[in-house]
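Morning, everyone. Please look at the sequence and the model first.

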Amino acid sequence: MQNHRPAPGTEIPLQGAVNFRELGGYPAADGRRVRYGLLYRGGNLDALSGPEDQRTLQSWGLRTILDLRSAGEAEKHPDPAVPGAAYQRICAMCMRDGAEMDFSSTGIERLAAEKAAFEREAGRPVHDFEWFSAIYRQMPFQNPAYRALFAMLERRQTPILFHCTCGKDRTGIAAVLILLALGVDRQTALADYMLTNRYRHAIIEASLRGRSPQERELLQPVEGVSAPMGDGAIDEILARFGSFEAYFASEYGLDGPRLAALRDFYLE
């Protein structure tokens, strides 16, 4: 049976979208592996409108869908109802005043104001790369969406699909945190995060066409992901807590016994 399972991180083939996959198969704590068929990640579900994509989506037997987008994004591209799956939306990126970071067209003006405030604090102009890197470093902490996600995992409300718009930033860090909690090593967790650049390669290349090498490096996170950003979020966890175990205990209440119970359920 195991021989017929896809390699860890394999993209799920869909007609309407890219970068949908699951977390099953990764080597984790105590020589075990993440169980298949429980932890799915992706982007906008309204892109899966064709009958074949709908059949694939329903074949996962989802019990929970956690939408990590802002209200503005969800309003413009609402998730369709999935039979048997409870839906909840909690934005995984917030501004310093607690407002949702809205990446829809109507939220651009508010994002510009947020970046301007960041520049005033820095005392100089900053590139979007630097600003977004700072946002990444804050994402793992006091994040209501990620706290809800881990509560769902503890309650075993799975199979679960967690998603944002492109399945790369908010979803990518959520996946990194889940994998680290299950004892997957840092390098493997970050490699899963970086797979976005493989599955969104055509989209990324189209956005970077004609750019200089320096511009390409700075602009790639717009449609793809950046290893320094992902590493930065992980580094910040270790800088604040010293270990992943201390982080999961403090942020999600996953002390030794609860973390062990989580692993017992999601690993095989």
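Let me begin with the lining of the largest pocket, which has 30 residues. Nearest its centre are F103, F132, K168, D169 and V222. Keep in mind that this is a predicted model.

How much space is there? The volume of the largest pocket comes to about 660 Å³.

Now, which helices supply the lining of the largest pocket? Four of them give at least two residues each: α2, at 71–76, α3, at 108–122, α4, at 128–138, and α10, at 213–223. The helix that gives the most is α10, with 5 residues.

Sorted by class, the residues lining the largest pocket are 15 nonpolar, 9 charged and 6 polar.

On to the second largest pocket, which holds about 350 Å³ of space. Its lining is made of 17 residues, and those closest to the centre are C94, M95, R96, I135 and Q138.

Which helix has the largest share of this second lining? That is α4, with 4 residues. Both α3 and α4 supply at least two residues here, and each of these helices also supplies at least two to the lining of the largest pocket.

The class count for the second largest pocket is 12 nonpolar, 3 polar and 2 charged residues.

As for the general idea behind such a search, a probe the size of a water molecule is rolled over the atoms, and this shows where empty space is left.

That is what I have.

Key
Residues numbered from 1 in each chain as written. Predicted model: local features only at pLDDT ≥ 70, side-chain atom pairs only at ≥ 80, totals over all residues. Heavy atoms only, no water. 1 Å grid on protein atoms, 1.4 Å probe; cavity = no way out; pocket = protein on both sides within 12 Å on 5 of 7 lines; lining within 4 Å. Points joined across faces, edges and corners; volume = space filled by probe spheres on them. Nonpolar A, V, L, I, M, F, W, Y, C, P; charged D, E, K, R; others polar.
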